[in-house]
Amino acid sequence: MNDMAVDRPEVAEVEPFQMDAKAGEPVSAGDERQYGMRVMPMAALVALAACGDGSDGAANSGDGATLLGAKGPASAGYPSARSDAEAARFLLQAQAYATTADIAAVRAGTFADWLSTQYGKAIGPTGWDWLNARGYATIDSTTRYFDNTYPGDYMIWNQLMTSPDALRKRCALALSEFFVVSLSGLDFAWRSHGIAAWWDLLVAHAFGNFRQLLEAVTLNPAMGYYLNTKGNLKENTATGRQPDENYAREVMQLFTIGLYQLNLDGTEKKRGGQEGGRIETYSQSDVTNLARVFTGYDVDMSQNVNTYDAVLNRNIPNTTAARLPMVLNASRHSTLAATFLGANVPANTPGAAALKTALDTLFNHPNVGPFFGRQMIQRLVTSNPSRAYVARVAAAFNNNGSGVRGDLKAVWSAILLDEEARSPAGLTQSSFGRLREPMLRLVQWGRTFGITSALGSWKIGDLSNTASQLGQSPLRSPSVFNFFRPGYVPPSTALATSKAVAPEFQIVNESTVGGYLNYLQGVVRNGLYVNAPDQPNAGSNASNGYDITAAYTGELALVSDATALVKRLSLLLCADQLAASTQTLIVNALNATPVTAASTDAVKRNRVAAAVLMVMASAEYLVQK
């Protein structure tokens, strides 16, 4: 077997933003307090549907969804945290969790100082190296790691739960929801190593330049398999074969410029003024021509060594081709001229030069700054940024202040330091903020409360099951369109009336809410049950048990004082945004079962777990502001 592939995956063509998400039924309209972003009771979360509106994710041309429209230089009025709550709020946006030590670090200087420190941190251990260290590169017909995906799940959860460079990992996770490769859609040898290499790529480029990231994404073998650039052949006039257009379409629609021409502030340009129609960014001709550029690439097998497995009667390659960038086979590359987006690649242009022209053209398109910037704001801060906020972030993308385009550190700083992100005004705005993604809730729980894996297993698997788990798992998007669309509007709600978007609500329905709560109540109390934590495989033996648990050190120290315990959780989990009335309800519920210093460890842990569960089920927690 001289190829990595077991079977080449077929990625179906999908109409723009018609994602194959799991959906519920629409509900009747409710009042703004029930369905607005300010207050989201669990009843509202249960009822909200995951149906789509077909939006492409561009900001509405009106400003009905704009809430703050902050003026003046970014973060001019809020350069540093004036309280622990403000520090925690910043941390929850920047890295998805806050600890007392992190809060102290933020308060020791300015927000910019903290970001600068994070930018300077070394990249933590890679996902690829972790897989190898745990033994997942072993070739064995019994474990068949080369055919399994579960090691990839263990890898990404380990990365998110333990890596010291938390800001970098949070930004990489945001990038993974923009440049999507899903472990669920990979079908080749060493797919877990393939997704680890993909994740490591995003991590390595998270603080780099968008242009270099775009090229690395294009040549990554997992992306090659996922969107069919791997093995994409030039045209053949004798048979009528044409180059596969999948990547050419998605690199424009999803990864760079979007469907419609945008102003700097993310609003759509109109033909003949504001009363005209939308202006498409590309045509089918652009897709057809651009597809020629992406022909001739295939996995790099130059370092491959096969091992014959007699049980399976097949050759098993080593892992290297799952990580090396794809290479060009000139004989399979189209030599036809290609004209797209106003650029021209002359006939017989060498493949590398053609690729450079294509990626440079995409990178320099004026849409990239607002298209990419707005979605990153949505991932980190708020679903409905003002036009001014989007424009400031797009301007930072276009020029980092030193004439450099695409500097991602400048983008992250512009997002996190902006007046709109830092001003307390957003706390009282009904449509400011975002619904926390389920996978981020679990990461926050783990990082906040000192989660550890006693035997280093980190066997947290695919948690996508909607009925019994989170309904979402990192690097497990159901399609290239991510878990949800950036322009999703929950139907029959006040959000729809005001034309505000709420992307994460596309994966909210009765099953996901119930599944989340049922899953969480066991995890926060007991941790995660693991089969064979002392072994890399997923088998079972006498060591089965709760290998992955939370320490709750700070919480157990306050366990006999329910008021102090809930106050601490309010700060760490939702930046002290838990309403006084909600805190009172939780405190009263906890005090129904008295706990003293003399109580058993089990009783104390029960109280802490109950408090954490109630906070993480509250409206104030679920909607991050």
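Leaving aside neighbours within four places in sequence, Ala-96 is in contact (heavy atoms within 4.5 Å) with Leu-91, Arg-170, Leu-440 and Gln-444. The model is a predicted one, in which local features need pLDDT of at least 70 and side-chain atom pairs count only at pLDDT 80 or more, while totals for chains, interfaces and linings use all residues. Residues are numbered from 1 along each chain as its sequence is written, and side-chain values use heavy atoms, with hydrogens and water left out.

Ala-96 and Gln-444 are 348 residues apart along the chain, yet their C-alpha atoms are separated by 5.9 Å. Ala-96 lies in the loop between H3 and H4; helices (H or I, at least four residues) and strands (E, at least two) are DSSP runs, numbered from the N terminus. Although Ala-96 is not a glycine, its phi is positive, at about 80°. With a relative accessible area of 8%, Ala-96 is buried; buried means under 20% relative accessible area, exposed over 50%, and partly exposed in between, with a 1.4 Å probe and protein chains only.

Helix H3, which Ala-96 follows, is largely enclosed by the rest of the structure, because 10 of its 11 residues are buried. The buried residues of H3 include Glu-86, Arg-89 and Gln-93, along with Phe-90, Leu-91 and Leu-92. H3 (84–94) is also among the elements that cover the buried residues of helix H5, as are H4 (100–107), H8 (166–176), H17 (408–417) and H18 (419–422). In H5 (residues 111–119), the buried residues are Phe-111, Trp-114, Leu-115, Gln-118 and Tyr-119. These residues cover an arc of only 135° around the axis, so they are on the same side of H5; the arc is that of the directions from the helix axis to the C-beta atoms. An α-helix has 3.6 residues a turn, so residues three or four places apart point the same way.

Over the whole chain, the secondary structure comes to 26 helices and 11 strands. Of the 625 residues, 59% count as buried. Among contacts with a separation of 6 or more, 75% are between residues 24 or more positions apart. Not counting residues up to four places away in sequence, Trp-198 touches Phe-179, Val-181, Val-217, Asn-220, Ala-222, Met-223 and Leu-475.

On a 1 Å grid over the protein atoms alone, a cavity is a set of points where a 1.4 Å probe fits but cannot get out, and lining residues have an atom within 4 Å of a point. Grid points are joined across faces, edges and corners, and a volume is the space filled by probe spheres set on the points. By this rule there are 9 cavities of 30 Å³ or more. The largest cavity has a volume of about 140 Å³. It is lined by 16 residues, of which Glu-177, Phe-178, Gln-375, Asn-482 and Pro-486 are the closest to its centre. Helix H15 (residues 368–380) gives the most to this lining, with 4 residues. By class, the lining of the largest cavity has 11 nonpolar, 2 polar and 3 charged residues, where Ala, Val, Leu, Ile, Met, Phe, Trp, Tyr, Cys and Pro count as nonpolar, Asp, Glu, Lys and Arg as charged, and the others, Gly among them, as polar.

Phe-484 lies in the loop between strand S8 (452–453) and helix H20 (494–497). At 1% relative accessibility, Phe-484 counts as buried. Glu-504 and Arg-434 are 70 residues apart in sequence and 7.7 Å apart from C-alpha to C-alpha. At 2% relative accessibility, Glu-504 counts as buried. Lys-499 also lies in the loop between H20 and H21 (510–526), but at 52% relative accessibility Lys-499 counts as exposed. Lys-499 has a positive phi of about 60° although it is not a glycine.

Definitions and conventions
1 Å grid on protein atoms, 1.4 Å probe; cavity = no way out; pocket = protein on both sides within 12 Å on 5 of 7 lines; lining within 4 Å.
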